[in-house]
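Visitor: I would like to know what lies behind the labels used for a model like this one. Please set each value against its cut-off.

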Amino acid sequence: MNNVILASGIALFIGLLGTPLWIRLVVRLGYGQMIREDGVATHLSKRGTPTMGGTVIVVGSLLGYAAAHLITWTQPTISAGLVLFLMTGLGVVGFIDDYIKVFKQRSLGLRSRAKATGIVIVGVIFAVGCLQFPNEMQITPADSYLSFLRDFGPNIGPYLFVLWALILIQGVSNGVNLTDGLDGLASGTVGLILAAYVIIGNWQFRQSCIVQGLEPHCYWVRDPLDLAVVAAAVLGACFGFLWWNAPPAKIFMGDTGSLALGGVLVGLAITTRTQILLAILGGLIVLITMSVILQVGWFKLSGRLLGQNKRLFKMAPLQHHFEMSGWAETTIVVRFWLICGLCVAAGVGLFYLEWVPK
């Protein structure tokens, strides 16, 4: 537990102090956020706000994790290393995307094919790595099973597992990117989900088949406590960044942050064997993503069936629908945080459900 507290505290400190330094650097270089002309009109005033703040989250998380292990003189684990690799790799893809936007002064960065290729390369390396590196009990960071509260069902094999991991990575990273539409919304949302993974990792360690023996309901998870350290480090960095990203934001995380945070959520879900549980913990992200899918789907379908394209929402993603309806930005952010908190509470409750005496 010492590492959990140290990693979170150090990353929080770096986020709080490092973000204003990054803001000054970005302002000096002239790297301001580009705003789409066809978006919410009130967002045009945010043009030029410093961006690529996700860099601070990634660096703060890595330094927080590393410093905690150096201080306690404990060895990092391969599971944590793979999750941090996924976070950093996707963060690099997002950084390139952000850099192109600000360098060329346009709202679109990497071409979709190039961006997807970068995500796939990082994702494949992560997924294949998760099936390697067995410990003394032959437990690898992940295995070729689907999981909810733990593994279930038949073995789907390594190829389908890699494909499934890529679907999760693409879906969640894009979902966090869609959620990052209002000041502080994505960083606060992901922070709440990461808090759940601190609890889950710690509980899996205390009920580990490796530590406690073959007790009923014990967990065959490699390195659960160190995964809690990763979640704590990223949580601290997120909250340190949120201090400056809260409405009105002085900096945006950009794709650097949204892709990296999506990656760390998937990495934790896969290595803790809670892949489908992530859909409940991240229910707000799922809701926002579905609003875009429904908006696009109904727009196309109504054009074919009715001869006139119609929209379900005034604007998608969902948070912009409420903006167009006259809600204040801070009202939307706080209420969406509350929805996220309820989803996290439901997910953690389900996780503990099998331990409730029958």
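Visitor: What makes the crossing of helix 2 and helix 8 right-handed?

Guide: A crossing is right-handed if the near helix is turned clockwise from the far one by less than a right angle, and left-handed if anticlockwise. The crossing of helix 2 and helix 8 is of the right-handed kind. This is a predicted model, in which local features need pLDDT of at least 70, side-chain atom pairs count only at pLDDT 80 or more, and totals for chains, interfaces and linings use all residues. Residues are numbered from 1 along each chain as its sequence is written, and side-chain values use heavy atoms, with hydrogens and water left out.

Visitor: Why are helix 2 and helix 8 called oblique to each other?

Guide: Their axes cross at roughly 135° and come within 8 Å. Angles under 35 degrees count as roughly parallel, over 145 as roughly antiparallel, 65 to 115 as roughly perpendicular and the rest as oblique. Helix 2 and helix 8 are therefore oblique. The axes are lines fitted to C-alpha atoms over the stretch in contact, and angles run from 0 to 180 degrees between N-to-C directions. Helices are DSSP runs (H or I, at least four residues), numbered from the N terminus.

Visitor: Which residues of helix 2 make the contact with helix 8?

Guide: Ile57, Gly60, Ser61, Tyr65 and His69 do so, where contact means heavy atoms within 4.5 Å. On the helix 8 side the residues include Asp226, Ala233, Cys238 and Phe241. The contact divides into 9 nonpolar, 3 polar and 1 charged. Here Ala, Val, Leu, Ile, Met, Phe, Trp, Tyr, Cys and Pro count as nonpolar, Asp, Glu, Lys and Arg as charged, and the others, Gly among them, as polar.

Visitor: How do you know whether helix 6 and helix 8 are roughly parallel or roughly antiparallel?

Guide: Helix 6 (residues 185-206) and helix 8 (residues 224-245) pack at about 160°, with axes 8 Å apart. That angle is the reason why the two are called roughly antiparallel. Helix 6 passes helix 8 in a left-handed crossing. Among the residues in contact are Gly188, Gly191 and Leu194 of helix 6 and Ala228, Leu235 and Cys238 of helix 8. This contact has 16 nonpolar, 7 polar and no charged residues.

Visitor: What makes cysteine 209 and cysteine 218 a disulfide?

Guide: Their sulfur atoms are 1.9 Å apart, and a disulfide is a pair of cysteine sulfur atoms within 2.5 Å. The structure holds 1 disulfide. With 90° about the S-S bond, the link of cysteine 209 and cysteine 218 is right-handed. Both cysteines are buried, a term for under 20% relative accessible area, with exposed over 50% and partly exposed in between (1.4 Å probe, protein chains only).

Visitor: Why is cysteine 343 called buried at 18% relative accessibility?

Guide: Cysteine 343 falls under the cut-off at 18%, so buried is the term. Its sulfur is 6.4 Å from the closest cysteine sulfur, in cysteine 340, too far for a bond.

Visitor: What is the phi of aspartate 223?

Guide: Phi of aspartate 223 is near 60°, a positive value in a residue other than glycine. Aspartate 223 is in the loop between helix 7 (209-212) and helix 8. At 19% relative accessibility, aspartate 223 therefore counts as buried.
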